[in-house]
Each structure stands twice: as structure tokens, then as C-alpha cells.
Amino acid sequence: MIIRKIDTWKILFLLILISSFLLHVVCEDDFEDDLDDDDDTSSGQNFRNNSAAIQLFSNLAFSQFSNFSCVFKDDINEQFGFCITDVDADWNEAFNFSKDTNFLANCAKTTKGDIMQRLCTAAEIKFYFNSFYKSGGEAKKASFLKPNQNCNLSSWVSGCESGWACSVGKNKKVDLKNSKDIPVRVQTCLPCCEGFFCPRGITCIIPCPLGSYCPSAKLNKTTGTCDPYGYQLPPGKPNHTCGGADIWADITSSSEVFCSAASYCPSTIQKIPCSSGHFCRAGSTAQQKCFRLATCNPMSTNQNITAYGLLLFAGIGLLLVIIYNCSDQALATREKRKEQSREKAVQSVRDTAQAREKWNFAKDIAKKHAIGLQTQLSRTFSKRKSQRQPDLTRGVSQAKPGTDAALPPMSFGTSQQPKKKEKGNLTKMLHEMEDNPESHDGFNIEIGDKHTKKNPPRGKQLHTQSQMFRYAYGQIEKEKALQEQNKNLTFSGVISMANDIDIRKRLTIEIAFKDLTITLKGKNKKLLRCVTGKLSPGRVSAVMGPSGAGKTTFLSALTGKAPGCVMTGTVLINGKVEPIQAYKKIIGFVPQDDIVHGNLTVEENLWFSARCRLAADLPKQEKVLVVERVIESLGLQPVRDSLVGTVEKRGISGGQRKRVNVGLEMVMEPSLLILDEPTSGLDSSSSQLLLRALRREALEGVNICMVVHQPSYTLFRMFDDLILLAKGGLTVYHGSVKKVEEYFAGLGINVPERANPPDYFIDILEGIVKLSTSTGLTTKQLPVRWMLHNGYPVPMDMLKTMEGMAASSGENSAHGGESAHGPGSEAHSFAGDLWQDVKCSVETKKDHLQHNILKSIDLSQRVTPGVFKQYRYYLGRVGKQRLREARTQAVDYLILLLAGICLGTLAKVSDETFGAMGYTYTVIGVSLLSKIAALRTFSLDKLHYWRERSSGMSSLAYFLAKDTIDHFNTIIKPLVYLSMFYFFNNPRSSVTDNYLVLVCLVYCVTGLAYLLAIIFEPGPAQLWSVLLPVVLTLIATHDDDSEVVDLIADMCYTKWALEAFVVSNAKRYSGVWLITRCGSLYQNGYDLKNFGPCLVFLGLTGIVSRAVAFICMVTFLKK
């Protein structure tokens, strides 16, 4: 919206023109004709003395112009729609004298009934205000007007002076609509009536609006001026006295006309001091009652409602304390529910374990009984049956009771089984025999073969049953002991039991790569070259090598994260050419840095990762078991409920933090686990503990590959495979760890005694240890020997190195790559190097965009939770983090509170500008403080987001959860600020309007802060947050007549926020403030109808900025 440049005094001219039209109806009334026809002096005298006639005249006159606004409603809406929204309402608030028409009666009495002949016509008002405008809009400078036919050098009657007016004559009609001709008005000059004002240089009167006080002026003999208006008597006219008011304009030019503060004016000729318990602002027509807790002394200009602000702030503080304490209770309840979930998971594990053991026991019994039955049948049809049967019976009868020998032959196998689950079947069998002691089925009831002992002899039956009772009772005692042992089992014991019996099948991933070469775009520098090998499931592979060998590059290439590089060669996933990103959901990547949320506990970090990355259909108890298994295997049980900690706040140790970093990937049960230096910074025992946990993962079919620096010999022997890289990304060895020393010994490189083999090999590749001349090899030739040893194709330049023909080329290859342009490529110009760098940067950014935006197919066979579920998980995590940052939030609120006190005390909302200055400081202060606080939402969690995003978590859920939690600040911060600013300042606008504007403003600047936090680093983002509101406010409040600047100002959120504040305050000013309101709004380009659109614009700015911030967050990731 381009600001319309119309001066206040042009508005004044139009408004007074309308006010003059209101009397046109009266002039055309028949009652006026009756008065004009009565030209007799005695009739005028009778009219003056007849109070009933005067009152009747004044009431009839008012009734004629009370509905005058409807005649010019269309013109007013067209010309003054920006400051007058309801013509009838504003007109009544300014010129509705129905409550008190005494000033009309008094004026009619003073002028002897010719009040209609003294009213200004359109031509006179136009003439006056044109001259007034040319004087610069200052009333005191408009002392001399352009001469007219009534007031000129040759004719200057008393009515031309300030506060005086004349009549056109009793028998003359006046056309008030005539805007061209000024009527001759020089008869019966009198002082201006009370309740009217008479400008200097014209000889007519205009009624004062409601809220003004226009008494007759009195001469101040000391100063020689007519108080309270300040004009002087004309020199040389001793009979001339002070008249009435001489001007009505804005409050800065005609403050004498406004009803002064601490008083109220029910009519334009009456002013009453404000009583105790009430307050009266400037331009008031009635006194307003103070609130109960406010203090209002007699003649108060405003009520002191600071107590309400303190109560509001105390209420907000109490609410926050309650929320904080209840949140602790909620977290405690949540922990109890987690404990119950763990207990249920334990019970589930026990039940599952018992059921599996019982099933295995039953299968073993059935199998052994089947074997025993087959043996008995074969013996039955044997010729030696008659000889062996008595021996068998004798052996049984002679067995010692209560021992295993007393059992039938088929039960020997079961007595030797140490499994504790056989007790369940025995107990069941015992109860059945106790309930039916006459049963003839005997022990075969568990086999299902009821025909073997269908009709046994009675004595044998009793003998067998007694043996079984003795055996069963003995097993019951064992069962009771085992049950007691189960009760005393630790959670780790149960988890171990669960791991032994319930191992879910994972999708295995085998990665085979041949001639894998990675070249940096734009520079043709090879970071990895001719790497061939395979990473197999169920094995732990270690990648070692000196610095610059491309170890991290190799891992990044395996996970498909090599932006800005060209990857050549063949990479097969499970024997197929498939993109590794298709298995993103089951690939875990542990970065070198410990990217863990410091304000969450160990268990909370692991549990969140498990909920978001495990299969959505996996039962909660199973997820609990996964998390507990990882906690137990990584040795994190003692610190499971401890905060991880940050740099500022101490938490767990560095080794424990490193293990948590690894655990975040282990809890999602990956099929491929890539680790970048997980043992760096760990002592030997912690490293072994970590590696044992990883080896246990490998037993479940996980393919594990990790970069390791200087492992101990014990740790080194725990690996299955070794990938040894030389500088330049060349393979020196790739095979079993057990055969690495044998391979190098075949090359004549023997590890000295008491030397750690991996350290010795890396020292050789680094050049610290020189190879013996007896080997006939150099360090640069070791990759070629490996390729020849395995029959891999060798590039020609590497063969030359082997032959010793191109040492310089080999040197180049050993130090990070080879240029494609040959030896002459070193002589590049600066422009060429710059162009290559720019080209490389563009290619890298392009790869970033393709990697982040384009989605590949999903072959992981795992359906993780959707966006809504992840949103719920993120919401719980972010809310928990904010509760633990309550001290920081309290500091934000305290600073905002102090800002409200300072601005509310110092930047008062003045009536002249409708609080524009105070609200300007409010927009700057609230924007600045809210932006700086909102920067923490995303700027501190970039690394965590990048890691979670790369693992397949939802970016939308992450962003929406952060924004949802910030809505709490969007609601509370305006209340905190207003509790001091509004109640110290007490503007005329309502608390609701101010609160709505502040809510929209905070929502808007929070979105902008998101954008700054995501695009810039923390330092530049804070600088932009400080400069942006100041610069945009200066643009929004500029005074230059520049369309370009106006267009930019219309795009600034500060302009719309300031307009909403000013409009909400300006619409509370009416009556005598009408000209001031219209003039101020015109000069600033504001519109009363823009309050709603301003709020909508602020809201849309917040939404758009959030959308842009989200796009930037997804698109522009870590370099």
C-alpha cells in the first residue's frame, strides 16, 4: 500500500465543509422562513425573551441536522474511509448534541435568532482552510489570510478578528452549499458564541465538536491576550473585546479547544473536574470509573493499574511453576509406565523361554521314546528276546529307588539334560497322576503312544508309578529352586535368556566392490583408487591406514554419501547392482563425533532412536527388549538414567558418551553397521567392551565395518577382516586378520617382537619405518603387490611405479591422488584454479540437492513409523528437552519482563501520535528478544538433525514438533511483556487488541528466526536477528516520497505490526479527536480497516518464513 500524501489541514477543510452542510437543511426549513419574515425588531426582542421559543428553536435545529451524515455518507466513505469506518457512529460521537443543546439555545438568544445567518458557507470554509494550508498547517502562523470581500485592506470589520463573527442580515437567505461565492457578511458583528469557533479572516461561526471546550475568551491584562486561546485584541479598537474560540484542528495546533485532562466536558460549554475514584483523559465527555485495584485520586488523568500487571505476571509465573512441577510428575509417571513396560517385557521373555523349553523338552522326549519303541520292537521280533527280557526286568527291579536308574530306559536321556524347562511337563504329569491314580497310561502320556502299555501287569504298574512319583517329586524341588532363581534374575539375565531363545531374522547385506575409485569433481583428484573386496554379513571388518588414506571416504562411499565426487567401479549389494540408499532404513552409520542429545538421559536417547527406526509393527515389549539388550551389552546399565551432558553441563564420561553414540545405531537392529573411529578416546577396557557388543551383533548376521586407529593387539585379534589402505586410497591388504602377518611375511616384512602388528604396518605406510632393502620393495609398491597377488588389473601408471620408471607419478599417487592432465597440469593460472573451484562447488551443491530431494526405492523390507507417529515421538522429546531448559526459558521471560517495564515507563503512548513512538520501540524490542530466543530452536541441533535425517527419520515431523513446542512461547511471551508494558502505560486500546498483535508478531518473528538459524551459523544469525528489526522499522517509518521505499516498506512486517498497534489505539479516539485521527493516519498511510489484514499479513509472513525455512533445512544440509 502506497501512502497517500494529504496534509492534515486538507482533511480539516473537508471535515469542516461537511459540518457546514449540516446546517443547510435548517436553512431550507419552513421554520427559517418564518423567522426571516419576521423582520420587526420587537419580534426579535420577543424571541430573545421567550425561553420556550429558544428551546424549541434549538431542538428543531438539532433535529434537522441530526441525520445530516446520511446525505454525504458515500462521499465520506470514499474520501475518509481510511479513518472513518462507521459514518453514523463517528458523526454522532462528534456532533450529537441531543444530550445538551443549551449552547444552541444560548447562541440563538445571544444572536437574537439569526444564528443561521452567521454559519459559514462552503466557500468561506474552503477559502479559510486553503489559506490555513498555505501557512504550513500551523494555526499561530495563519495570522493573515488572503483578502476577501468581507475582510480586506479597505474593509476590515470586527467580525474579521479572531473569535468574532457577523451576520448577512435578517431578511437574507444563505446558500450554504455555494462553494464559489463568499456572501457579504458584515452586519451585526458579535463575539463568537460559546460552543462555536470563529476563525480569523472570515466572519462566520462553526460548532465545536464533542470533547472540546469552547468558552468565551477572557482578556489577560498581564499578557494582553485572550485566554485560553492566546490571540490578541486588535490595536486601535478600544471597544473590541475578546470573543470565542478561533480554531479547531489537531491537538498540536489547537490544544486549547480540547477538553483538558483531569476534567470532562459533557457539552462544549461545560467543564467539570474529575472526581475521586474516576479518571478523565484529554477530550473526554464523561469521567470513567477506575478499576477496583487501581488508584485514582481526584483529577486523575489516568488510572494506575500496575497492580493488575503484577497480578498477571504472578499468575503467569505460578502457572509456569505448576506446569514445571506437573511436568516432573508427568515424567515420573512416564518412567513408572516404562518400568511396567520393562516388567511386562521381562514376563513375556520368561513365558516365551518357558514355552520354548517345554516344547524342546517334549520334542526330545518324543524322539527318545520313538527310538526306545523302535528298539523294543526290534528286540521283540529278535531270536534273543526270551533271553534279554528277564535281564531288563531284573535291571529295573534291582535299581536303587530314587535314582535315575530306576526310570525306564527311554527316560535316561531326559535325566541327563540340564535344561530347567523340563519341570513344566513333569509338574503337569504329576498332577494328572494325582487326579487319576488308576490310570494305566503311565509315563507314555507325554509321548502320545497310548498302546505301548495298554494292559501292563498290576504289580509292574504300581512299581513304575512309584518310581515316577519319586522322580517327579525330586524334579519339583528342582523346579522350585529354579523358580526362585528366576525371581532373583537381574534384567540382564532375562535379556540374555531372551537373546538365547529369540533372535529375529534380519535381512543380510553383503557388499562387494570392484575397482572402486572416487574422484573429486572439478579437480580430478582421486581420493580412493582401485579398491576391490567384499564385506560379508556376520563379520567385523576393520579399516586401517595412515592419515590421508581415504578411510572415511571409503565408508562414505559404502553408504552412498560421497557428494561432489565421481564414483566409478562396481558395487554389488547381495550380488545385485542396487543403490545402497534403498537400504537406508537398515543401515547404521556411527559418525566420528559423539552426536548425542546432552539434555536427555542415556535411555531416552536410545529409546527415541528405537521407536523411530524400528519396524512400526514391532510390539512395544520387543522394542523394550532391544533397548535393554543394547544397554546391557554396552555396559551402560549404571548410567541409564543419567543425563548425557553437554560442554557446559557435565554428564556421563567421554567413554560412556561414545558408547551411547554407537548404541543409537545398534538399537535400530541394522543389517549393515558402519562406524567411523568408534574407539577413539576410549581406554582398552572400554574398547574391548564395545567390540564385544559389536561381535555379538555380528553373530546375528550384521555386516560391521569400522575405522580404527592404533588398536591394541588384543583388540586387533577380535576383528575378523582387515582392510589396510595406503595414502591415495590404495589397498595394501584386504583379508582375514589371522593371515595378515603371514601375507606380509611372504613379502619379507616381519613384525618385530613385542611390536603391535597394526601399528607396525601403519608406520611402514606412513614412512616412519623404512623397508629393508632385502625385500626389494618400497612403500609405494605395496598396493601393486597386493593387486598382483590377487590377480586384480593394475593401472599402467602403477605398473610403471612397480618397475621404478615413474617415481614422480608414484609420489603423486601416494600423496592423495593423480591429476588427469599429466605433469604439465601443475602450471595452472589463477583464473583456471578459481574456475575449477567454482565448478567443483557447483557440482557438490548439485549432488547435495539430488541426494536430499530425490528419493530412491526402498528395499529394506522394513516399514518404520509414519510422519504422524514420529511427530508424536519428536513432540515428547522436544517437550522434555524444553522442560530441562526451564532456567533458560525463565531468563528469557525475565528479560522480556524488564523490557516491558522499561518501555512501559519511558516510552509513553502519547495522544498526539496515538502511541506510535512507544509501539515502535515495542515492535523492535519484542522482535529482537523473540528472535534471539527462537534461534536456539534449530541452530543448536543441526548436527543431530543431519544425523537423524540421513538415517531416514522424517524431517517434517522434526520441524513441526519443534514449531509446536515453540507455540507455548508464542502464547506466553506476549502476556509477560504486556503484564508490564500495558499496565505501566495504560493506552486507550484494549488488552485483547494488544495481545492479538503481539501474538501475531511473535509468531512472525519466530518463523524468521527459524530461517536465519537454518541458513546461517549461530554468530551471523544472532547479528541478523539484531539488525533486521531495527532496519525494517526504519524503512517502515521513513518520511521520504519514494515509491521504491514505500514498496519495500509494505513488505516489512514491522510496518504491519506498527500499523496494527496504532490502529487499535486510534479507533478509541473520537469526537474532538476526529481531525487528529484522520491527519495522523493519513500522514502514516494507515487505515482503520487494516487491523484484521495486518494480523493476517503477520500470520502469513510467519507461515511463509516457516515454509522457506523447512525447504532450506531439507535442501541445504551439511557441507
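**Entry 1: the model**

Which strands does helix H20 (residues 684–699) lie across? Before I looked this up, I noted what kind of model I had. The model is predicted, so I noted that local features need pLDDT of at least 70 and side-chain atom pairs count only at pLDDT 80 or more, while totals for chains, interfaces and linings use all residues. Residues are numbered from 1 along each chain as its sequence is written, and side-chain values use heavy atoms, with hydrogens and water left out.

I then found that H20 lies across S14, S17 and S18, running at about 150 degrees to S18. I took angles as running from 0 to 180 degrees between N-to-C directions, with axes fitted as lines to C-alpha atoms, for helices over the stretch in contact.

**Entry 2: the whole chain**

I looked up the secondary structure of the chain and found 38 helices and 20 strands. Both are DSSP runs numbered from the N terminus: helices are H or I with at least four residues, strands are E with at least two. Of the 1119 residues in the chain, 51% are buried. Buried means under 20% relative accessible area, exposed means over 50%, and partly exposed lies in between (1.4 Å probe, protein chains only). I also looked up contacts (heavy atoms within 4.5 Å). Among those between residues at least 6 apart in sequence, 74% join residues at least 24 apart.

**Entry 3: the six-stranded sheet**

In which order do the six strands of the open sheet stand? The order is S16-S17-S18-S14-S19-S20, with mixed pairing. Two strands pair if DSSP finds at least two bridges between them. The edges are strand S16 (587–590) and strand S20 (730–736), each pairing on one side only. On average, neighbouring strands are turned by 15 degrees against each other, direction ignored.

Helix H16 (residues 551–558) lies across S14, S16, S17, S18 and S19, at about 155 degrees to S17.

**Entry 4: two single residues**

Is Thr601 buried or exposed? I found Thr601 in the loop between S16 and helix H17 (602–613). At 7% relative accessibility, Thr601 counts as buried. Not counting residues up to four places away in sequence, Thr601 touches Arg640, Asp641, Ser642, Leu643, Val644 and Arg884.

I located Ser158 in the loop between helix H9 (122–134) and strand S1 (164–167). Ser158 is partly exposed, with a relative accessible area of 25%.

**Entry 5: helices H29 and H30**

I looked up how helix H29 (residues 886–906) packs with helix H30 (residues 916–939): the angle is about 175 degrees and the axes are 11 Å apart. H29 and H30 are therefore roughly antiparallel to each other. For this wording, angles under 35 degrees count as roughly parallel, over 145 as roughly antiparallel, 65 to 115 as roughly perpendicular and the rest as oblique. Residues in the contact include Ile895 and Leu896 of H29 and Tyr921 and Leu929 of H30.

**Entry 6: the UniProt record**

The unreviewed UniProt entry annotates "transmembrane region" at residues 305–327, 890–907, 919–939, 995–1016 and 1095–1117. Residues 890–907 are 94% helix and 0% strand, with end C-alpha atoms 25 Å apart. For residues 995–1016 I found 95% helix, 0% strand and end C-alpha atoms 31 Å apart. UniProt positions are given in the numbering used here, feature names are shortened, and annotations may be inferred rather than shown by experiment.
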